[in-house]
Amino acid sequence: MNRYQVFIQVVESGSFTRTAEALGYTQSAVSQNVAALENELSATLLRRTKGGVALTADGREYLPYIQALCAAHQQLEEKHREMEGLESGVIRMGTFTSVSRSLLPRCMKEFQKQYPRVRFELEQGEYTSIGQWLRQGRVDLGFLIPETADGLEAVPLYEDEMLALVPAGHPLARQSQVSAAQLAAQPFILLGEGEYSVPMRVFRSQGLAPDVRYRVIDDYTIMAMVEEGLGVSALYRQVLGRLGPGLRALPIRPAMKRTVVLACRERKTLPLASRYFMDFLQDRLKQEDAPGKVCYNEGQTVQPSDKP
């Protein structure tokens, strides 16, 4: 490609001397490259004038094709650099249980089919800590709710709703749905979401003071505690999956919902692999239906009410 690039530089500068200075070549080397191109095309492309050099008629005909070749070569080199970056990329993400359990595994698997050498590093946390990790540069991507994404670039992914989780033998288990007031009146096991707890926000909006006996950050620990009769709780649809015979999941009114967003400090400065995965995840969720069904009450199902 060198002789094509030299030729274009001569045309743009109008001088062999200025081209040599710009490219760090000798004037003889510039002349030799142009001569080699003219020999290749069996045409005289440039003619010397008092003011420098100018295109011949043949030169004007060939110029747009040579420019296109150079542009295509540059694009090829850029793509090659991108692919090299993806070959060795590491995607560092801050996430929480419902995302890392239901959404990420299948998306990571699909992404690695395209880019098999990309590696993932996941850190588990809650909204506030994940937001801090992003701002500190500890992770490149993070799953948050809009309230904790201040100062970050964020794109909405989907809306997730909580279901009440009660023991199978509990009086509330016989209902088709439960109210926030009914949950607040029971010993309550609160999922640890930090200061932006979705259940607490709904309780406060209803003027309720729930009987919070436990604050637990792990969803599966909460399931075990509810099954043992230590209290009732509210967990997100995506984390529940198929429940065992000792548990029931019921819709809550008013609904307890959150919007899940994918955030970064600044998209244009993201490492290449992280930027590709961010785009991949958005496209993937646009193509999918809602994030799955939750089984409850001996085989009945709750359909997700909102699509991502």
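Helix H5 (residues 97-114) packs against helix H11 (residues 272-287) at an angle of about 120°, the two axes lying 11 Å apart. Axes here are lines fitted to C-alpha atoms, for helices over the stretch in contact, and angles run from 0 to 180 degrees between N-to-C directions. That angle makes H5 oblique to H11, given that under 35 degrees counts as roughly parallel, over 145 as roughly antiparallel, 65 to 115 as roughly perpendicular and the rest as oblique. Helices (H or I, at least four residues) and strands (E, at least two) are DSSP runs, numbered from the N terminus. This is a predicted model, in which local features need pLDDT of at least 70 and side-chain atom pairs count only at pLDDT 80 or more, while totals for chains, interfaces and linings use all residues. Residues are numbered from 1 along each chain as its sequence is written, and side-chain values use heavy atoms, with hydrogens and water left out.

H5 passes H11 in a right-handed crossing; a crossing is right-handed if the near helix is turned clockwise from the far one by less than a right angle, and left-handed if anticlockwise. On the H5 side, the residues in contact (heavy atoms within 4.5 Å) are Leu103, Leu104, Arg106, Cys107, Met108, Glu110, Phe111 and Gln114, and they meet Ala273, Tyr276, Phe277, Phe280, Leu281, Arg284 and Leu285 in H11. By class, this contact has 11 nonpolar, one polar and three charged residues. Ala, Val, Leu, Ile, Met, Phe, Trp, Tyr, Cys and Pro count as nonpolar, Asp, Glu, Lys and Arg as charged, and the others, Gly among them, as polar.

Helix H1 (residues 2-13) packs on H2 at about 125°, with the axes 8 Å apart, so H1 and H2 are oblique to each other. H1 passes H2 in a right-handed crossing. Val6, Gln9, Val10 and Ser13 of H1 touch Phe16, Arg18, Thr19, Ala22 and Leu23 of H2, which comes to five nonpolar, three polar and one charged residues.

Helix H2 (residues 16-23) also meets helix H3 (residues 27-41): their axes come within 8 Å and cross at roughly 105°. That makes H2 roughly perpendicular to H3. Phe16, Thr17, Thr19 and Ala20 of H2 make this contact with Gln27, Val30, Ser31 and Val34 of H3, giving four nonpolar, four polar and no charged residues.

Serine 42, in the loop between H3 and strand S1 (46-49), has a positive phi of about 55° although it is not a glycine. The peptide bond from arginine 253 to proline 254 is cis, with omega near -5°, and proline 254 lies in the loop between strand S11 (247-253) and strand S12 (257-264).

Finally, the largest pocket holds about 190 Å³ of space. Of its 14 lining residues, Phe96, Thr97, Gly125, Gly192 and Ile217 are the closest to its centre. The lining divides into five nonpolar, five polar and four charged residues.

Note on methods. 1 Å grid on protein atoms, 1.4 Å probe; cavity = no way out; pocket = protein on both sides within 12 Å on 5 of 7 lines; lining within 4 Å. Points joined across faces, edges and corners; volume = space filled by probe spheres on them.
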